[in-house]
Amino acid sequence: MSMRVESAGLLTSIQDSGRTGFRHLGVGVAGALDSHSLVIANLLVGNAADAAVLEITLAGPTLVFECAACIAICGAEIDAGIGAQRIPGWRRIDIPAGSRIKFGACRRGARAYLAVAGGFAVARVLGSASTDLRAGFGGHAGRALKAGDRIGIRGGFAPRATQVEIDRRWIDPAPDLDFAQPCRVRLLPGLDALADADALFAIPWRVEAASNRQGLRLHGNRDATRLPRAEGGEPASEPVMPGTLQLPPAGSPILLLQDAQTHGGYPRIGHAIAADLPRLAQLRPGESVHFLPCTPAIAKQLLDAQRQRLARMAIAIARPDRSNDACRP
């Protein structure tokens, strides 16, 4: 059982929940930038929450399933269809063998996630199937997918669909992903001080086109593009991780994402809380984020609440007798 890549899209790679326990050796986490969508997509098709999926960035691929399959698409609002039939997100869909899914552009959000029941059959490297694009290992040959690639699909689930069957029941991703609302991200205090700490929270920060899986490059408005650094020279290279907000000498911050390096010499002026990382992963070039100060206690409460919503979703998905069309946390 396999899936063939007819065209690859802008950037499509295999990702799971990431590679942990090796940052002291210089190995990054990689993994899905939007872990919330990863988990829900896998739950919808009956996989383990951390099974490998396809992460589709901004413009999607065309995929041919050589076997019948059960799929789910979560994350960004992306155009997708099999022939003339539109394929919606946030629900289970059974497709027959030979289905050709053509993904278009992400209309809202930056990254969509395609899960298939059984999971993609790729080797795990250092405990993870994720593609580390910077280091060139994991996933499928350590790189983004390209036309002609064939990805195996693990057994254990054999749908008998002879036509596309779309479950009427769907997941409501709000409040964790609500593209209708402005992006507001809460920051824990950084280890390195700013000369004017309020300047970071005073304005929205626009995502630059040079952003990627390593980090979001941010730029302020015309009158406040440079954050004032505290005096004291350049700090020594220190550990960083996904969520760290760094401040280069030019004064425009960089918010690190899943492909972040393990050490960096720029001042660390804040850290995005874990509960807000999925929304950050969905920011597109030109969109803005507004930072809000946060405390460790509130950050923990917000993460606990997000995990409780996921747990309730898992229960709702597993119940075949749900009466409501939408599963809301």
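These legends accompany several close-up views of a predicted model.

**View 1**
Let's start with the barrel, which 7 strands close in the order β13-β20-β17-β18-β15-β14-β21. The pairing around this barrel is mixed. From one strand to the next, the twist averages 40 degrees. As a reminder for this view, strands of a sheet pair through backbone hydrogen bonds, either parallel or antiparallel.

**View 1. Strand β21 and its two partners, β13 and β14.**
Strand β21 covers residues 288–293 and pairs with β13 in the parallel sense, over 5 bridges. A handy pair to pick out here is Arg184, which stands opposite His290 in β21. With strand β14 (residues 205–207), β21 runs antiparallel, and 2 bridges join them. Look for Trp205 in this part of the view: its bridge partner in β21 is Val289.

**View 2. The antiparallel pair β17 and β20.**
Strand β17 takes in residues 244–246, and strand β20 takes in residues 268–272. The two run antiparallel and are joined by 3 bridges. To find your way between them, select Gln246 and its bridge partner in β20, Arg268.

**View 3. The largest pocket and its lining.**
How much volume does the largest pocket have? Its volume is about 550 Å³. The lining is made up of 22 residues, and those closest to the pocket centre are Ser17, Ser35, Gln258, Ala274 and Leu277. Three helices, α1 (35–44), α3 (277–281) and α4 (296–318), are the elements that give two or more residues to this lining. Sorted by class, the lining has 13 nonpolar, 7 polar and 2 charged residues.

**View 4. The second largest pocket and its lining.**
About 330 Å³ of space lies in this second largest pocket. Its lining counts 16 residues, with Pro175, Asp176, Arg184, Arg186 and Asp276 nearest the centre. Two or more lining residues come from each of β13 (183–189) and α4. Which of the elements gives the largest share of the lining? That is α4, with 4 residues. By class, there are 7 nonpolar, 2 polar and 7 charged residues in the lining.

Pro175, one of the residues nearest the centre of the second largest pocket, is joined to Ala174 by a cis peptide bond. Omega of this bond is about 5 degrees. Pro175 itself lies in the loop between β12 (170–171) and β13.

**View 5. The largest cavity.**
The structure holds 2 cavities of 30 Å³ or more, and about 40 Å³ of space lies in the largest one. Which residues line the largest cavity? They are Leu33, Pro242, Gly243, Leu256, Leu257, Gln258 and Leu277. By class, the lining divides into 5 nonpolar and 2 polar residues, with no charged ones.

How many disulfides does a search of the whole structure find? The search finds 0. Cys106 is in no disulfide, and the nearest cysteine sulfur, that of Cys74, is 13 Å away. Cys106 counts as buried because its relative accessibility is 3%, under the 20% cut-off. Cys74 is buried too, with a relative accessible area of 1%.

**View 6. Pro296 in helix α4.**
Pro296 is found in helix α4. Is this proline buried or exposed? Pro296 is exposed, as its relative accessible area is 58%. Pro189 is 107 residues away from Pro296 along the chain, yet their C-alpha atoms are separated by 9.0 Å.

**View 7. Two loop residues with positive phi.**
Trp90 is a residue other than glycine with a positive phi, near 65 degrees. It lies in the loop between β6 (85–86) and β7 (92–95). Ala141, likewise not a glycine, has a positive phi of about 60 degrees. Its place is the loop between β9 (120–121) and β10 (150–153). Trp90 is buried, with a relative accessible area of 10%, whereas Ala141 is exposed, with a relative accessible area of 60%.

Methods:
Residues numbered from 1 in each chain as written. Predicted model: local features only at pLDDT ≥ 70, side-chain atom pairs only at ≥ 80, totals over all residues. Heavy atoms only, no water. 1 Å grid on protein atoms, 1.4 Å probe; cavity = no way out; pocket = protein on both sides within 12 Å on 5 of 7 lines; lining within 4 Å. Points joined across faces, edges and corners; volume = space filled by probe spheres on them. Nonpolar A, V, L, I, M, F, W, Y, C, P; charged D, E, K, R; others polar. Disulfide = S-S within 2.5 Å. Buried < 20%, exposed > 50% of the residue type's maximum accessible area, 1.4 Å probe, protein only. Pairing = 2+ DSSP bridges. Axes fitted to C-alpha atoms, helices over the stretch in contact; angles between N-to-C directions.
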